[in-house]
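These are my notebook entries from going through one model, written up in the order in which I looked things up.

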Amino acid sequence: MRVIHFTGAEVIGGLLHHVRLLAREQVAAGHAVKVIFSTAAAVDREAEACAGTGAGVERMAVKGKTDLPGMAALGRLVERERPEILHFHLSSPIEAIPAIMAAKVAGARHIVTTEHAPTWFPLEKPYSRAAKMAAGRFVDRVIAVCRSDARFLQERFGVPEKRIAVILNGVAAPDAIEPRDAARARLGLPLDASPLVGFLGALEEKKGVLDLLEGAALAGLPALALAMAGEGPLGGALRERAGKLGLRLILPGRIEKVEPFLASLDVFALPSHQEAMPLSLLQAMWTGLPVVASRVGGIPEAIEEGVSGLLIEAGRPDQIAGALGRLHASPALAARLGEGARAAASAGFSSARMAREVEALYREVVLGSAGQGAAPGPA
């Protein structure tokens, strides 16, 4: 099957990692895969990594409804490649609408979208819902990465339930898990931290990083240290606040290989205010870490309270402190939750499973259209 993935993302993050994992699995399954990355320099390394999977890589952008050259370039690519599936990966619900419409005008046979963060809606306008519904006329199926997002798409944008497929995110299982102290020594992390609590993601408000800092301080554990890997606008504010709180904070920046970082931790924390199905959470689960995470988006679909992690309410540093205290006081509880997290990841959150379900959806779209002989109806 000839598949083109299109992403307009201009920063490194979970969406691009998802696309690379999917491309790798699809190439391994024998499909002809091409991935279209934006022209932003920030994604150069991800584009190179994707090319290393065996997928073809091109760079182009459609920067909105006035970008006629970008739409024309995408149209020419569709006409040249004639993919059976053109798969758009959206970082917000109204992203890529001009690109989707340009592809359809150029003769794209089947269009699938993945809504990676439909609840992140920074550009909401009065006409956004109408524009989303209009573009939906040209989309065969919409993938939601968790059931929570599927409900949001139905309720907020009127996407018909029959058009939505819930395919939970997945990540690659780690090849091996390095011993904790060896990982800490190699990364320069404190060997005496007890616990070393880690976060992996963007250092921005919606990720709850300030709540995590306050909660770690409230926990009152003298040997606790906090390692927050990632980049974002709150780096300076976090350093300043940690200094005032007397908290040991390590900010290693963006890391290329997450496995050694996760292996160095005692606890993984993700107290986000808003999420879909975060890949960092799934990676931590595969590592066998006890998880403290907020009860938002798809997180409760991955974490079962008291079995594979501890769930807290978003915006509650006191609950973060309580959860960290419980785990520190009971190594047996921490070990049991870590094993539960690993078992849950192995059972339901592999990239191989995700790719199989996406491939089945592609075949359903292609075969269904051949059987019906008609394009899908209006949204």
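How many residues line the largest cavity, and which of them lie nearest its centre? I find a lining of 18 residues, with K132, A135, G136, V139 and V142 nearest the centre. Before going further I note that this is a predicted model, in which local features need pLDDT of at least 70 and side-chain atom pairs count only at pLDDT 80 or more, while totals for chains, interfaces and linings use all residues. Residues are numbered from 1 along each chain as its sequence is written, and side-chain values use heavy atoms, with hydrogens and water left out.

**Entry: the cavity**

I searched the whole structure and found 1 cavity of 30 Å³ or more. On a 1 Å grid over the protein atoms alone, a cavity is a set of points where a 1.4 Å probe fits but cannot get out, a pocket is an open set with protein on both sides within 12 Å along at least five of seven lines, and lining residues have an atom within 4 Å of a point. The volume of the largest cavity is about 150 Å³, where a volume is the space filled by probe spheres set on the grid points, which are joined across faces, edges and corners. The elements giving two or more residues to its lining are α4 (97–105), β5 (111–115) and α5 (128–136), and α5 gives the most, with 4 residues. Helices (H or I, at least four residues) and strands (E, at least two) are DSSP runs, numbered from the N terminus. By class I read 12 nonpolar, 2 polar and 4 charged residues in this lining, counting Ala, Val, Leu, Ile, Met, Phe, Trp, Tyr, Cys and Pro as nonpolar, Asp, Glu, Lys and Arg as charged, and the others, Gly among them, as polar.

**Entry: strand β5**

I then turned to β5, one of the elements in that lining. Of its 5 residues, 5 are buried, so β5 is largely enclosed by the rest of the structure; buried means under 20% relative accessible area, exposed over 50%, and partly exposed in between (1.4 Å probe, protein chains only). In a regular strand the side chains alternate between the two faces of the sheet. Here I111, T113 and E115 are buried on one side, and V112 and T114 are buried on the other. β4 and β5 run parallel and are joined by 5 bridges, two strands being paired if DSSP finds at least two bridges between them. H89 stands opposite T114 in β5.

**Entry: aromatic rings**

Rings of Phe, Tyr and Trp (its six-membered ring) pair if their centres lie within 6.5 Å, with planes under 30 degrees apart counted as stacked, over 60 as edge-to-face and the rest as tilted. By this rule I count 2 aromatic pairs. F6 and F88 have ring centres 5.2 Å apart and planes at 50 degrees, so this pair is tilted. F6 belongs to strand β1 (residues 2–7) and F88 to strand β4 (residues 85–90), so the pair ties together parts that are 82 residues apart in sequence. I find both F6 and F88 buried. The pair of F152 and F157 is edge-to-face, at 6.1 Å centre to centre and 70 degrees between the planes. F152 is partly exposed at a relative accessible area of 24%, whereas F157 is buried at 1%.

Which charged side chains lie over the face of F157? K132 does so at 5.9 Å from the ring centre, and R156 at 5.2 Å; the rule asks for NZ of Lys or CZ of Arg within 6 Å of the ring centre and within 35 degrees of the ring normal.

**Entry: backbone**

Most residues other than glycine have a negative phi, and most peptide bonds are trans. I noted R82, which is not a glycine, with a positive phi of about 50 degrees; R82 sits in the loop between α3 (68–81) and β4 and is partly exposed at 34%. A96, also not a glycine, has a positive phi of about 70 degrees; A96 is in the loop between β4 and α4 and is buried at 16%. A cis peptide bond joins S194 and P195, with omega about 5 degrees, and P195 is in the loop between α7 (180–187) and β8 (196–200).
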